[in-house]
Number of protein chains: 2
Amino acid sequence: MKMNLDERKKKILSSVVEDYIESAEPVGSKTLVEKYHLDYSSATIRNDMKILEKEGYLEQPHVSAGRIPSTKGYRYYVDNLMKEKRLSMVDIDYINSTINGFGDVDDIFEQVADVVSKILSTPTVITRNNTDTIENIKVVKISEKLLLIVLMSKNGTVKDCIAKITDVVEDNAIDQMTSILNQNLTGTPIKELHLVLNNIIKKDLKAYSGVMEEIINSIKYEISKDMKKLNSGVEKILEKPEFSDIETVKNFINMISTKEIIDSALEKSNNNKLSIVIGSENKEVLLNDYTVISLDIEKDNKYLGKLSVIGPKRMNYAKTISTLKYINKKFNNTLKLNSKDNKVKGDYSEKRRK
Amino acid sequence: MKMNLDERKKKILSSVVEDYIESAEPVGSKTLVEKYHLDYSSATIRNDMKILEKEGYLEQPHVSAGRIPSTKGYRYYVDNLMKEKRLSMVDIDYINSTINGFGDVDDIFEQVADVVSKILSTPTVITRNNTDTIENIKVVKISEKLLLIVLMSKNGTVKDCIAKITDVVEDNAIDQMTSILNQNLTGTPIKELHLVLNNIIKKDLKAYSGVMEEIINSIKYEISKDMKKLNSGVEKILEKPEFSDIETVKNFINMISTKEIIDSALEKSNNNKLSIVIGSENKEVLLNDYTVISLDIEKDNKYLGKLSVIGPKRMNYAKTISTLKYINKKFNNTLKLNSKDNKVKGDYSEKRRK
DNA sequence: TTTAGCACTCAACATCACAAAGTGCTAAGT
DNA sequence: ACTTAGCACTTTGTGATGTTGAGTGCTAAA
């Protein structure tokens, strides 16, 4: 049930939001008249601001201060008032020169997170989708006592780990183990791998159990590494004026260091590819002063993971959104480039999918 | 030219350091008499403290405050007065249950850094030695369009990366490339790999240049990833009272986010395996309020890297040192365990060393 | 419906006084 | 010659008080 604001109120709300995003100071009626060329007197603006406050779009820190946007105010601004902004050439160049397509999907995620963090001066978090499934496993003997195990996932991530073995293993034993692993694990979601591995060791592989146990333990260790990665950018966000209070800083650092909070922040909240969760829209109370903007990364309609930006409610929504939209395009191109190569000159991707 | 302190002065200095480490408050003469059972009046203590201050062991924040240790004071304490403390059973258990020996040397470094960070509530930094040399390279075809390149180093680190290729490559071409890579790269220090790779591509490998270029680019990307890794623990250190000032917090976060500063902090400063650099002994000015304690990790007299702890000057030296010493032992056992296995039942390590 | 004018409120800052902690020095004690 | 009691002195921290300035809400007039 959204109130229909008249044009003047929209202009006022939008100006308050934009001024506050820029200055971090409560915005007064006089500032608005002077800076935003509203053709009304400050008294008129004041009346409207009062109404906007009653309707819940604005808040007043105290009676003799200007107004700041409420969560509802930011929401209205983002949904109805904000003008899309083109990303600057500098930023575009920076993105293009940094995303180089080396490495697997994981590596590209990290490169992207790093770029975004730099452009927006804000911490970013990568969440990889753990519903990804195992596509193929290879075991390679790299020396007498070391096996390299390579796990390829359906969505193009390659994980690998080293198993140290104590017994001498014949090449054909390795081949057999590899094929048994593949028979059992192909199609298994990575997050269930743990269970399936335990079953294998009990059921099928008594014969090789010594070596197999090493292999399985190594895989377990590898997949236990976290799928979420905080890409710092913390040092920059601390320069913003909302972090002039020591408690805020500590709470923030604590928050982004706490896995559970980040988990909850990044729960999928709607079906948009670009999700914006503002202030108190966050379920997690500690996040109520922050905004989390997440971009879902997909490939061939498969969800690969997401890239999230965490900042104060007073973040530059327009720039953040245009950056993420550009990144999305870039990401698709980088991934598609890989696929196209495969389709044109060989058939890695088809093969993987069959 | 170290002044010889008499017993009473030693006791006073040691008590001031220990009380200040515990309380973070300047220590007064009365506190010393009461809490540390010095059998002298506060006036006597005051006289001695004055002398200790004149000699540079103590400082006074202002005239009506107690004393705090100077860098020289901490140094004297660490070198002459500190009593070694056994690590608690809880901590020992925690270390033993966490360091599991999975993964390669890199992984073990990370596990160790994580444990130390938790036990000491302090940020830790891992520095891997980049004078390590390439021992062996393998190229494995993991699908039509993906090659896995495995780099094994002399000191037991395994790095690997994926190369996406566009041309079909025969198995024997891969074998040839592998052997050319090995001929050229074996013995090359990792930090010079970059240059050598450029030479190879110019000189030897025109024939495979397309594929080879992909391989080489992937290797370059992989080795460009940083050898230093900050293992957070920042959230805990911020709770310490020295971080009640907002500027201190920001400077600290900035400092540990700045690669160059960390680099300089970790420069080898002496020949001890356990190096302790206190406050203004740090070359880097921004580190003058902090102490960096680093443990060199070696295997068979080869320097593998180091594990460093960064904290306020007022850190718990005794506990930090005993933790690191225990970690050193643990680390050696874990590495030796690997070697022993190899010696007893096969010969991976000898082979690698020949 | 808009606006000028004005009384009112509140945060932020400065000023002041005072208590608490701890020193340095002097003079007396051992 | 060393130790100590006693006391004046210094400085920080805290709370009380006053002042300033920004910005509002309301009233009454346009």
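**Domains and chain contacts in a predicted model**

Chain A of this predicted model is divided into domain 1 (7-81), domain 2 (89-123 + 231-348) and domain 3 (134-228).

Q: What distance separates the centres of domain 2 of chain A and domain 3 of chain A?
A: The two domains touch, with 10 residues from domain 2 of chain A and 6 residues from domain 3 of chain A in the contact. Taken over C-alpha atoms, their centres are separated by 32 Å.

Q: Which elements give two or more residues to the side of domain 2 of chain A that touches domain 3 of chain A?
A: Between these domains about 730 Å² is buried, 52% of it on carbon and sulfur atoms. The count of salt bridges between them is 0, and 1 residue pair is in polar contact. The elements on the domain 2 side are α6 (105-120), α12 (259-265) and β10 (302-312) of chain A.

Q: How much area do chain A and chain B bury between them?
A: The contact joins 48 residues of chain A with 48 residues of chain B. Carbon and sulfur atoms carry 64% of the buried area. The total between the two chains is about 4,200 Å².

Q: Which helix gives the largest share of the side of chain A that touches chain B?
A: Between the chains there are 0 salt bridges and 6 residue pairs in polar contact. The chain A side divides into 19 nonpolar, 13 polar and 16 charged residues. Its largest share, 6 residues, comes from helix α11 (residues 246-257) of chain A.

Terms used: Residues are numbered from 1 along each chain as its sequence is written. Chains are lettered from A and ligands numbered from 1 in the order in which they are written. This is a predicted model: local features need pLDDT of at least 70, side-chain atom pairs count only at pLDDT 80 or more; totals for chains, interfaces and linings use all residues. Side-chain values use heavy atoms; hydrogens and water are left out. Domain bounds come from an automatic or database domain assignment. Contact means heavy atoms within 4.5 Å. Buried area is the accessible area (1.4 Å probe) that two parts lose on being put together, summed over both. A salt bridge is a side-chain nitrogen of Lys or Arg within 4 Å of a carboxyl oxygen of Asp or Glu. A polar contact is a pair of N or O atoms within 3.5 Å; within protein, one must be able to donate a hydrogen and the other to accept it, and residues adjacent in sequence count only if both atoms are side-chain atoms. Helices (H or I, at least four residues) and strands (E, at least two) are DSSP runs, numbered from the N terminus. Ala, Val, Leu, Ile, Met, Phe, Trp, Tyr, Cys and Pro count as nonpolar, Asp, Glu, Lys and Arg as charged, and the others, Gly among them, as polar.
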